[in-house]
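This briefing covers a few places in one structure. Please look at the sequence and the model first.

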Amino acid sequence: MRIHVVDHPLVAHKLTTLRDKRTDSPTFRRLADELVTLLAYEATRDVRTEQVDIETPVTATTGVRLSHPRPLVVPILRAGLGMLDGMVRLLPTAEVGFMGMVRNEETYEAQTYATRMPDDLSGRQVYVVDPMLATGGTLVAAIRELIKRGADDVTAICLLAAPEGVAVMEKELAGSPVTVVTAAVDERLNDDRYIVPGLGDAGDRMYGTAG
């Protein structure tokens with residue numbers, strides 16, 4: 001597994017505002033959307049392309065376009081929905097799947113309650129979006145399902161990561177074609193398995209606490 005921390009002043013600036021507890025939900029959603037686009041730019045550096053011949057207004061030339069099968073973007077519900085627009089803005093031809101997962105607050109294990117994506121992902125590059133890589137359980141479960149369906153190149157895009165979650169992914173997904181792209185790896189997890197200093201519960205800060 002490879003982890004890439006995006007070191008850019010704009011990323012750090014937006015992340016600082018996301019961390020601030022005074023940032024309201026509309027601002028939080030907007031900044032998360034902007035930040036994921038910056039992360040996606042780095043995450044798609046190795047997106048697969050093919051050559052194509054075109055005619056410019058001046059002459060014939062050769063360029064590139066995204067190859068087939070098209071990339072698949074998979075947000076982890078519900079917080080991952082707040083990152084979806086930022087991804088498809090950069091990859092408008094990508095297909096979108098969904099995975100509904102929730103953390104059991106007693107065992108801290110991830111439980112899947114809904115999936116909507118192709119059964120066969122053979123040869124597909126998949127981009128999983130989930131704001132927080134905390135314990136690692138949710139992303140490990142999600143990525144295992146994607147690989148089980150045939151995905152051979154999986155990139156997880158997270159706003160923040162904890163070292164404990166990174167270690168779990170490195171152990172549980174050793175030898176798998178997985179990359180993690182994040183804005184920062186924070187200090188640690190607290191006793192409630194929240195990232196410190198973190199930014200709180202990303203889903204609640206995006207959408208409120210309803211439900």
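Leaving out neighbours within four places in sequence, Asp33 is in contact with Gly82, Asp85, Gly86 and Arg89, where contact means heavy atoms within 4.5 Å. The model is predicted: local features need pLDDT of at least 70, side-chain atom pairs count only at pLDDT 80 or more, and totals for chains, interfaces and linings use all residues. Residues are numbered from 1 along each chain as its sequence is written, and side-chain values use heavy atoms, with hydrogens and water left out.

- Asp33 belongs to helix α2 (residues 25-43); helices (H or I, at least four residues) and strands (E, at least two) are DSSP runs, numbered from the N terminus.
- Asp33 counts as buried because its relative accessibility is 15%; buried means under 20% relative accessible area, exposed over 50%, and partly exposed in between (1.4 Å probe, protein chains only).
- From the side chain of Asp33 to the backbone nitrogen of Gly86 the distance is 3.0 Å.
- The axes of α2 and helix α3 (residues 81-90) come within 8 Å and cross at roughly 45°. Axes are lines fitted to C-alpha atoms, for helices over the stretch in contact, and angles run from 0 to 180 degrees between N-to-C directions.
- α2 and α3 are therefore oblique to each other. Angles under 35 degrees count as roughly parallel, over 145 as roughly antiparallel, 65 to 115 as roughly perpendicular, and the rest as oblique.
- α2 and α3 make a right-handed crossing; a crossing is right-handed if the near helix is turned clockwise from the far one by less than a right angle, and left-handed if anticlockwise.
- In this contact, α2 supplies Asp33, Val36, Thr37, Ala40 and Tyr41, while α3 supplies Gly82, Met83, Asp85, Gly86, Met87, Arg89 and Leu90.
- The residues of the contact of α2 with α3 comprise 6 nonpolar, 3 polar and 3 charged. Ala, Val, Leu, Ile, Met, Phe, Trp, Tyr, Cys and Pro count as nonpolar, Asp, Glu, Lys and Arg as charged, and the others, Gly among them, as polar.

**The pair α4 and α5**

- Helix α4 (residues 137-148) packs against helix α5 (residues 163-172) at an angle of about 30°, with the axes 9 Å apart.
- α4 and α5 are therefore roughly parallel to each other.
- The crossing in which α4 passes α5 is right-handed.
- Leu139, Val140, Ile143 and Arg144 of α4 make the contact with Val168, Met169 and Glu172 of α5.
- Of the residues in the contact of α4 with α5, 5 are nonpolar, none is polar and 2 are charged.

**Val178**

- Val178 is in strand β12 (residues 178-182) and is buried, with a relative accessible area of 4%.
- Not counting residues up to four places away in sequence, Val178 touches Met1, Arg2, Ile143, Ile147, Val154, Met169 and Leu173.
- The C-alpha atoms of Val178 and Ala114 are separated by 23 Å, and the two residues are 64 residues apart along the chain.

**Backbone features in loops**

- Most residues other than glycine have a negative phi, and most peptide bonds are trans.
- The peptide bond from His68 to Pro69 is cis, with omega near 0°; Pro69 sits in the loop between β3 (60-66) and β4 (72-77).
- A cis peptide bond with omega near 0° also joins Val196 to Pro197, and Pro197 is in the loop between β14 (195-196) and α6 (202-207).
- Arg193, a residue other than glycine, has a positive phi near 65°.
- Arg193 lies in the loop between β13 (188-189) and β14 and is partly exposed, with a relative accessible area of 33%.

Note on methods
Polar contact = N/O pair within 3.5 Å; in protein donor to acceptor, adjacent residues only side chain to side chain.
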